[in-house]
Amino acid sequence: METCRLPDMPSNICALINRFFFYSFFGNLGPENEERLLKHLQRLCDAGFCPDQTPVRRLAYGFALQIDHKFNNENKVGGYDWFGFLLRRCPDFSIRKAESLSVERVRGLAREAAEKFYDVLDEEIKNHDLQDKPQNIFNVDETGVQLINKVGKVVAKKGSNVVSKVSTAERGEIISMEARCSVEGRFLPPILIFKGKNFKQEFQDGLPPRSMVYMNPKSAYINSKIVYNWLQLHFLLRKAPGHNILILDGHCSHVSSILLLELTDRNEVSLFCLPPYTTHALQPLDKSFFGPFKTFFKRSSNTWVEQHVGLKLSR
């Protein structure tokens with residue numbers, strides 16, 4: 001943007017006017033960052049993942065960290081005023097009310113969405129010549145595990161009024177587990193996510209080699225920071241040579257961090273989100289890994305409780 005050249009005006013006033021017009025036109029991002037943000041929004045919309053206001057404002061805050069900004073550092077999102085100015089400057093985007101879909105319509109659209117997803121995925125595989133490289137294509141998924149033994153069916157005498165079995169608690173602490181597997185069947189070390197701030201080394205006792213435990217102060221669920229750290233410190237060190245594809249669900253933590261998206265672009269990694277309402281059928285790890293894992297976990301936890309009467313399952 002050109003410098004203000006008003007005659008006979010003090011330089012500090014010129015600077016204030018320039019700053020006012022800069023923020024009026026570009027908010028807190030600047031023209032280059034705003035263009036990158038709009039390109040990312042266009043990619044999300046083209047893929048069928050139109051975000052609401054909050055992820056867009058969160059993305060804007062991520063861009064603004066690279067420059068001087070006026071966004072709220074406590075909430076870590078762009079302001080409502082900035083979002084309003086963005087829509088005024090960019091007529092290609094607008095606020096639209098999402099259409100409510102009934103279960104029947106969702107079921108009818110599931111096949112169409114799945115076919116479109118596989119068409120796009122097939123094109124990406126051909127563009128990077130990965131037809132005969134299953135080691136370069138990975139599936140990523142997470143599940144929650146409760147630290148409690150599940151009371152299932154038992155053998156009891158007919159007509160019994162009381163049929164019970166010992167449980168450690170009514171509700172147990174939830175731990176998230178992330179698993180990654182390539183198309184050729186190679187599993188990467190899993191990660192666990194605990195709720196809390198203080199990491200203890202014993203949390204990793206007994207885990208598979210090179211597994212990691214991450215702490216999340218707010219909940220035991222994944223967020224964009226954990227995804228970024230895992231990509232940088234684990235996946236990129238073990239990915240196959242050349243371009244790699246990560247297939248995951250559409251959780252906002254996978255697409256709402258600009259640092260994460262730039263990291264994948266720099267390291268030749270494509271993120272592919274499974275279509276909404278189809279993960280129950282299309283997510284491979286749900287069928288082949290987490291189902292059997294939870295069956296064995298239930299069996300092992302019940303055995304442990306029977307052998308340790310009065311104790312609770314702990315981390």
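Let me start with aspartate 122 and lysine 126, whose side chains meet in a salt bridge, N to O at 3.2 Å. By salt bridge I mean a side-chain nitrogen of Lys or Arg within 4 Å of a carboxyl oxygen of Asp or Glu. The two residues sit four apart in helix H5, residues 103-127, so about one helical turn separates them. Aspartate 122 is partly exposed, at a relative accessible area of 35%. On that scale, buried means under 20% relative accessible area, exposed means over 50%, and partly exposed is in between, using a 1.4 Å probe and protein chains only.

Before I go on, this is a predicted model: local features need pLDDT of at least 70, side-chain atom pairs count only at pLDDT 80 or more, and totals for chains, interfaces and linings use all residues. Residues are numbered from 1 along each chain as its sequence is written, and side-chain values use heavy atoms, with hydrogens and water left out.

How many salt bridges does a search of the whole structure find? The search finds four. As a general point, side chains of opposite charge can pair when their charged atoms come close.

Glutamate 173 is partly exposed at 32% relative accessible area, and arginine 315 is partly exposed at 37%.

Another salt bridge is between arginine 180 and glutamate 178, N to O at 3.0 Å. Are these two residues buried or exposed? Both arginine 180 and glutamate 178 are buried.

Now the cysteines. A disulfide is a covalent bond between the sulfur atoms of two cysteines. The cut-off used here is a pair of cysteine sulfur atoms within 2.5 Å, and the structure holds zero disulfides. Cysteine 181 is buried, with a relative accessible area of 14%. Cysteine 273 also counts as buried, at 15%.

Next, the overall make-up. The protein has nine helices and six strands. Helices (H or I, at least four residues) and strands (E, at least two) are DSSP runs, numbered from the N terminus. Of the 315 residues, 38% count as buried. Contact means heavy atoms within 4.5 Å. Among contacts between residues at least 6 apart in sequence, 65% join residues at least 24 apart.

Phenylalanine 289 gives an example of residues meeting across the sequence. Phenylalanine 289 is found in helix H9 and is partly exposed, at 25% relative accessibility. Leaving aside residues up to four places away in sequence, phenylalanine 289 touches Met177, Ala179, Phe187 and Pro284. From phenylalanine 289 to alanine 179 is 110 residues in sequence, but 8.7 Å in space, C-alpha to C-alpha.

On to helix packing. Two packed helices are described by the angle between their axes and the distance between the axes. Axes are lines fitted to C-alpha atoms, for helices over the stretch in contact, and angles run from 0 to 180 degrees between N-to-C directions. Angles under 35 degrees count as roughly parallel, over 145 as roughly antiparallel, 65 to 115 as roughly perpendicular, and the rest as oblique.

Helix H6 (residues 224-238) and helix H7 (residues 258-266) pack at about 20 degrees, with axes 9 Å apart. H6 and H7 are therefore roughly parallel to each other. The contact is made by Val227, Tyr228, Leu231, Gln232 and Leu236 of H6 with Leu259, Leu260, Leu263 and Thr264 of H7.

How do helix H3 (residues 53-64) and helix H4 (residues 80-89) cross, and at what angle? Their axes come within 11 Å and cross at roughly 100 degrees. That makes H3 roughly perpendicular to H4. Here Gln53, Val56, Arg57 and Ala60 in H3 meet Tyr80, Trp82, Phe83 and Leu86 in H4.

Last, two backbone angles. Most residues other than glycine have a negative phi, and most peptide bonds are trans. Aspartate 129 is not a glycine, yet has a positive phi of about 55 degrees. Aspartate 129 lies in the loop between H5 and E1 and is partly exposed, at 48% relative accessibility. Arginine 210, also not a glycine, has a positive phi of about 70 degrees. Arginine 210 lies in the loop between strand E3 (187-195) and strand E4 (212-216), and is exposed at 64% relative accessible area.
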